[in-house]
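Let's take a walk through a protein model together.

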Amino acid sequence: MMAAVRVVIGEDDVLMREGIVRLLVECGLDVVAQSGDADDLLRKSLAHRPDVVVADVQMPPGHGDDGLRAALEVRRRSPETGVLILSQYYEEDYALELIGDRPEGVGYLLKERVGDVDAFIQAVTRVAAGGSALDPEVVGRMLGRRRGGGPLEQLSPRERDVLAAMAEGKSNQGIADALFVTQAAVEKHVTGIFQKLGLGPTATEHRRVSAVLAYLQDRPRPRST
């Protein structure tokens, strides 16, 4: 039998934390520690070395982005541990800082997604396995900021849908299921997307997500005045 995914939870809202723990345990994951404080979360994450840390952006003691800071430190000191950040609101800077130069084993979701149990559990397990899980809202805004000319304009509406799903971290089969198309059709769209964006073919899910995110992150920034 495959070992259960080991998880550390960081959330200062007790009811929210208990709800997440219950969901994960009921779905067969092993919650090895939980914390309501960012400093304690960091200590427990480094001590238990879980497969993935699920943490709120805002946590005590500062109630700012302490949870994110703790997660980034876990990521720096324990690269093999995946990190999934939950946020009440979309903050592009948080998402981009978390992704950094290494999108493997990282996720960023709005808290409301926890209510979609299947999608949430898939995100946790995907990040634990070294994959990516980005909120559709995050990807949509990253795509939106790249509009106004350039290779993205060459993509068909369906190719844009596939690109967004790729950036979220979905596999070809996952994309096919989400868009109600065949896997062969997805593979054809993926090939076309890489050609139009000038990205080399990638052999693994992780590498192709890295390529897509690198493209989306390299967006035009507003000029300073």
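Start with the largest pocket: 16 residues line it, and A119, Q122, R126, E168 and K170 are the ones that lie nearest its centre. Bear in mind that this is a predicted model. The space in the largest pocket comes to about 390 Å³. Which elements build its lining? Helix 5 (117-128), strand 6 (132-134) and helix 8 (172-179) each bring at least two residues to the lining. Helix 5 gives the most, with 5 residues. Sort the lining by class and you get 8 nonpolar, 3 polar and 5 charged residues.

**The whole chain**

Now zoom out. The protein chain contains 10 helices and 6 strands. It has 225 residues, and 48% of them count as buried. Look also at contacts between residues at least 6 apart in sequence: 66% of these join residues at least 24 apart.

In soluble globular proteins, nonpolar side chains tend to be buried together. Here, the largest nonpolar core has 51 residues, and I85, L98, L163 and M166 have the most contacts inside it. Helix 7 (residues 157-168) provides the largest share of this core, 6 residues. Apart from it there is another core, made of 21 residues, including I9, I20, V52 and I121.

Leaving out residues up to four places away in sequence, I85 touches A55, V57, G67, L68, A71, L98, G107, Y108 and L109.

D56 sits in strand 3 (residues 52-56). Is D56 buried or exposed? D56 counts as buried because its relative accessibility is 7%, and the cut-off for buried is under 20%. The side chain of D56 makes a polar contact with the side chain of K111, at 2.8 Å. A polar atom of the D56 side chain also lies 3.4 Å from the backbone nitrogen of Q58. Not counting residues up to four places away in sequence, D56 touches G10, E11, D12, G67, L68, L86, S87 and K111.

A33 belongs to strand 2 (residues 30-35). With 9% relative accessibility, A33 counts as buried too. Setting aside neighbours within four places in sequence, A33 is in contact with V7, V8, I9, K44 and H48. A33 and P50 are 17 residues apart along the chain, and 9.0 Å separates their C-alpha atoms.

Most residues other than glycine have a negative phi, and most peptide bonds are trans. So where does this chain do something else? The peptide bond from P60 to P61 is cis, with omega near 10°, and P61 lies in the loop between strand 3 and helix 3 (66-77).

Then there are R49 and F180, each with a positive phi in a residue other than glycine. R49 is in the loop between helix 2 (38-48) and strand 3, whereas F180 is in the loop between helix 8 and helix 9 (183-197).

| Residue | Relative accessibility | Class |
|---|---|---|
| D56 | 7% | buried |
| A33 | 9% | buried |
| R49 | 40% | partly exposed |
| F180 | 77% | exposed |

Key: Residues numbered from 1 in each chain as written. Predicted model: local features only at pLDDT ≥ 70, side-chain atom pairs only at ≥ 80, totals over all residues. Heavy atoms only, no water. Core = buried A, V, L, I, M, F, W, Y, C linked by side-chain atoms within 4.5 Å. Buried < 20%, exposed > 50% of the residue type's maximum accessible area, 1.4 Å probe, protein only. Helix = DSSP H or I, 4+ residues; strand = E, 2+ residues; numbered from the N terminus. Contact = heavy atoms within 4.5 Å. 1 Å grid on protein atoms, 1.4 Å probe; cavity = no way out; pocket = protein on both sides within 12 Å on 5 of 7 lines; lining within 4 Å. Points joined across faces, edges and corners; volume = space filled by probe spheres on them. Nonpolar A, V, L, I, M, F, W, Y, C, P; charged D, E, K, R; others polar. Polar contact = N/O pair within 3.5 Å; in protein donor to acceptor, adjacent residues only side chain to side chain.
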